[in-house]
Amino acid sequence: MDMPFWKTKRLHEMTREEWESLCDGCGRCCLHKLRHEETNELSFTNVACRLLDLETCRCSDYARRQRRVPDCVGLTPEALAEIDWLPPTCAYRRLRDGQDLAWWHPLVSGDPDTVHQAGISVRGRAVSERRAGALEDHVVDWPGKAPRARRARQNNNSREKTEC
Ligand code: SF4
Ligand code: SF4
């Protein structure tokens, strides 16, 4: 059986379509972060960019996102080398760091819903910046945590269930 492209190609060798398909649609990178000036430490919040659809966890205007949100960062293989704020669950970060895609990734599972079923996406736990108020009131640690895996029986199949 042929190996999937993310196992055989390096990030900069991927086609545009392959690169885009690596995004699992979790929405974690669209949460605001706070950078502490003195320590340079990063804190995640549960406050989402105004363009994030909190149900689908996808950008509601992906094609025009950088025009509408100037500080939205476009991910490229070059940018990835510099970025320190992607969550540990992010497919781009995982591949950059030599890990494989996780079972919940739609390219692995074949089902775009597994990222939600596994509790990886922000669905149900993010608030829009339109009504959040001060970011400092919304600091949370789950977006920066890798999930703890445990085995659970689902639909008579053994599958990893994750908790952040
Ligand atoms: S954190 Fe990574 S996988 Fe999740 S939405 Fe952002 S780019 Fe996609
Ligand atoms: S503009 Fe879209 S892709 Fe960029 S941070 Fe906002 S929701 Fe995410």
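I began with burial: a residue is buried if 20 or more other C-beta atoms, placed from the backbone, lie within 10 Å of its own, exposed if 12 or fewer, and partly exposed in between. By that rule, 23% of the 164 residues of the chain count as buried.

**Ground rules.** I noted that this is a predicted model, where local features need pLDDT of at least 70, side-chain atom pairs count only at pLDDT 80 or more, and totals for chains, interfaces and linings use all residues. Residues are numbered from 1 along each chain as its sequence is written, while chains are lettered from A and ligands numbered from 1 in the order in which they are written.

**Confidence.** I looked up pLDDT, the predictor's confidence in each residue, from 0 to 100. Its mean over the chain is 90, and 90% of the residues reach 70 or more. Over residues 150–164 pLDDT stays under 50. I reminded myself that where pLDDT is low, the predicted coordinates should not be read in detail.

**Layout.** I found eight helices and six strands, which are DSSP runs numbered from the N terminus (helices: H or I, at least four residues; strands: E, at least two). From the N terminus on, the order is α-α-β-β-α-α-α-α-α-β-α-β-β-β.

I followed A91 next, taking contact to mean C-beta atoms, placed from the backbone, within 7 Å. Beyond four places in sequence, A91 contacts L22, C23, D24, L101 and H105.

**Ligands.** Which residues come nearest to ligand 1? Among the 13 around ligand 1, they are C23, D24, C26, C29 and C90; "around" here means a C-beta atom, placed from the backbone, within 6 Å. Around ligand 2 I listed C30, C49, L51, L52, C59, R65, V69 and C72.

**E129.** Is E129 buried or partly exposed? E129 is partly exposed because it has 19 other C-beta atoms within 10 Å. I placed E129 in helix α8 (residues 129–132). E129 and L31 are 98 residues apart in sequence, yet 9.1 Å apart in space, C-alpha to C-alpha. Leaving out residues up to four places away in sequence, E129 touches H32, V47, A48, C49 and R50.

Notes
Two residues are in contact if their C-beta atoms, placed from the backbone, lie within 7 Å.
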